[in-house]
Amino acid sequence: ALDEKLTLARRVAEALQALPGLSIVAEPVLSLLAFRAEPPGLEGEALDAYNRRLLSRVNEKQRVLLTGAVVKGRFLIRVCILSFRTHEDRVDAAIEDIAAALAEMREERGC
């Protein structure tokens, strides 16, 4: 079961790295990883607010639940794959929802 969760965490990290404007801030350690959007022209509090909105949009869909954390003064979005109920379909839903929310937000900014 742990091997499955480790594989899923690596899968999420790889998929998120492929999305434009996202960066993995903390590579998967066991089944936890952290990322953030880094669109051009945003920094500091504005960048943190953008990531909070991204997290909110993903969670509003209610298919997956991601969490946030402030680490070294920066707001990060976290993916934790630990539940025995989390399998490939949930990971795919998370990737889809993150990509969709990110695309919507980019479109709103005119990027």
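**Helix packing and selected residues**

Modeller: Helices α1 and α3 are roughly parallel to each other. This is a predicted model, in which local features need pLDDT of at least 70 and side-chain atom pairs count only at pLDDT 80 or more, whereas totals for chains, interfaces and linings use all residues. Residues are numbered from 1 along each chain as its sequence is written, and side-chain values use heavy atoms, with hydrogens and water left out.

Colleague: What makes α1 and α3 roughly parallel to each other?

Modeller: The axes of α1 (residues 2–17) and α3 cross at roughly 20° and come within 10 Å. The axes are lines fitted to C-alpha atoms over the stretch in contact, with angles from 0 to 180 degrees between N-to-C directions. Angles under 35 degrees count as roughly parallel, over 145 as roughly antiparallel, 65 to 115 as roughly perpendicular and the rest as oblique; α1 and α3 are therefore roughly parallel. Their crossing is right-handed, the near helix being turned clockwise from the far one by less than a right angle.

Colleague: Which residues make the contact of α1 with α3?

Modeller: On α1 they are Leu8, Arg11, Val12, Ala15 and Leu16, and on α3 they are Glu88, Val91, Asp92, Ile95 and Ile98, where contact means heavy atoms within 4.5 Å. By class, 7 are nonpolar, none polar and 3 charged. Here Ala, Val, Leu, Ile, Met, Phe, Trp, Tyr, Cys and Pro count as nonpolar, Asp, Glu, Lys and Arg as charged, and the others, Gly among them, as polar.

Colleague: Why is α2 called oblique to α3?

Modeller: Helix α2 (residues 44–60) and helix α3 (residues 88–109) pack at an angle of about 130°, with axes 9 Å apart. That angle makes α2 oblique to α3. Their crossing is also right-handed. From α2, Tyr50, Arg53, Leu54, Arg57 and Val58 take part, and the α3 residues include Ile98, Ala101, Leu102 and Met105. The contact of α2 with α3 has 7 nonpolar, no polar and 7 charged residues.

Colleague: Is Arg36 buried or exposed, and how do you know?

Modeller: Its relative accessible area is 3%, and buried means under 20%, exposed over 50%, and partly exposed in between (1.4 Å probe, protein chains only); Arg36 is therefore buried. Arg36 lies in strand β2 (residues 32–37), strands being DSSP runs of E, at least two residues, and helices runs of H or I, at least four, numbered from the N terminus. Beyond four places in sequence, the contacts of Arg36 include Leu47, Asp48, Asn51 and Phe75. The side chain of Arg36 reaches the backbone oxygen of Phe75 at 3.0 Å.

Colleague: Is Asp48 buried or exposed, and on what value?

Modeller: At 14% relative accessibility, Asp48 counts as buried. Asp48 belongs to helix α2. The side chain of Asp48 reaches the backbone nitrogen of Phe75 at 3.0 Å. Not counting residues up to four places away in sequence, Asp48 touches Arg36, Gly73, Arg74 and Phe75.

Colleague: What is the phi of Lys72, and is Lys72 buried or exposed?

Modeller: The phi of Lys72 is near 50°, positive in a residue other than glycine. Lys72 sits in the loop between β3 and β4 (74–80), and its relative accessible area of 80% makes Lys72 exposed.

Notes. A polar contact is a pair of N or O atoms within 3.5 Å; within protein, one must be able to donate a hydrogen and the other to accept it, and residues adjacent in sequence count only if both atoms are side-chain atoms.
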